[in-house]
Amino acid sequence: MASHKFYKEPEFETLQLHAGQEPDPTTNARAVPIYSSTSYVFNSSQHGADLCSLRAFGNIYSRIGNPTADVFEKRIAALEGGAAAVSASSGQAAQFMAISTIAGVGDNIVSTSYLYGGTYNQFKVLFKKFGIGVKFVPGDSPEAFKGAIDQNTKALYVESISNPKYNVAPIPEIAK
């Protein structure tokens with residue numbers, strides 16, 4: 001009897017992809033950890049249908065989640081005392097997810113002018129397309145933020161240590 005789980009003897013191309021590795025029985029990851037896999041095996045057609053309809057928990061496709069990101073998110077939630085966490089592939093993606101979750105059309109955020117260029121462009125150009133205004137204040141003094149807040153303000157934004165000035169924003173004072 002063959003020592004593999006293929007329905008027939010694997011050909012060269014199949015061996016290039018699968019020889020020497022079994023899918024992880026816990027996560028069904030197709031790749032060897034660090035779990036850089038994009039695809040996961042299904043135990044059956046029903047298992048695949050249940051996963052894809054979100055009736056069962058498991059790995060479907062790495063853009064939705066993967067075991068590596070899951071561990072990271074659980075670790076961050078535990079470290080921060082949270083119920084859960086969400087990871088993103090970049091800081092700008094994280095900024096967009098956070099701000100677009102709490103602000104919508106007609107809302108605004110107040111931001112320091114001490115920003116990384118990509119953040120400035122995201123705030124100035126992209127958020128405008130979603131109807132979210134950004135009020136830029138010079139520097140990061142609490143008074144400047146206070147003067148820009150109105151009934152539609154959903155968040156205050158600073159980078160600390162900022163880029164490009166390397167200043168440390170007085171976050172506790174701004175938060176008051």
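Q: What makes the pairing of the side chains of Asp150 and Asn108 a polar contact?
A: The two side chains approach to 3.0 Å. A polar contact is a pair of N or O atoms within 3.5 Å, where, within protein, one must be able to donate a hydrogen and the other to accept it, and residues adjacent in sequence count only if both atoms are side-chain atoms. The value of 3.0 Å therefore meets the cut-off. The side chain of Asp150 also makes a polar contact with the side chain of Lys135, at 2.7 Å.

This is a predicted model, in which local features need pLDDT of at least 70 and side-chain atom pairs count only at pLDDT 80 or more, while totals for chains, interfaces and linings use all residues. Residues are numbered from 1 along each chain as its sequence is written, and side-chain values use heavy atoms, with hydrogens and water left out.

Q: Why is Asp150 called partly exposed?
A: Its relative accessible area is 27%. Buried means under 20%, exposed over 50%, and partly exposed in between (1.4 Å probe, protein chains only). Asp150, at 27%, is therefore partly exposed.

Q: How do you know that the span of helix H3 is close to the one expected?
A: Helix H3 has 14 residues (67-80) and reaches 20 Å from its first C-alpha to its last. The expected span is 1.5 Å times one less than the number of residues. Helices (H or I, at least four residues) are DSSP runs, numbered from the N terminus.

Q: What makes Asn66 a cap of H3?
A: A side-chain oxygen of Asn66 lies 2.7 Å from the backbone nitrogen of Ala69, at the N-terminal end of H3.

Conventions:
Helices (H or I, at least four residues) and strands (E, at least two) are DSSP runs, numbered from the N terminus.
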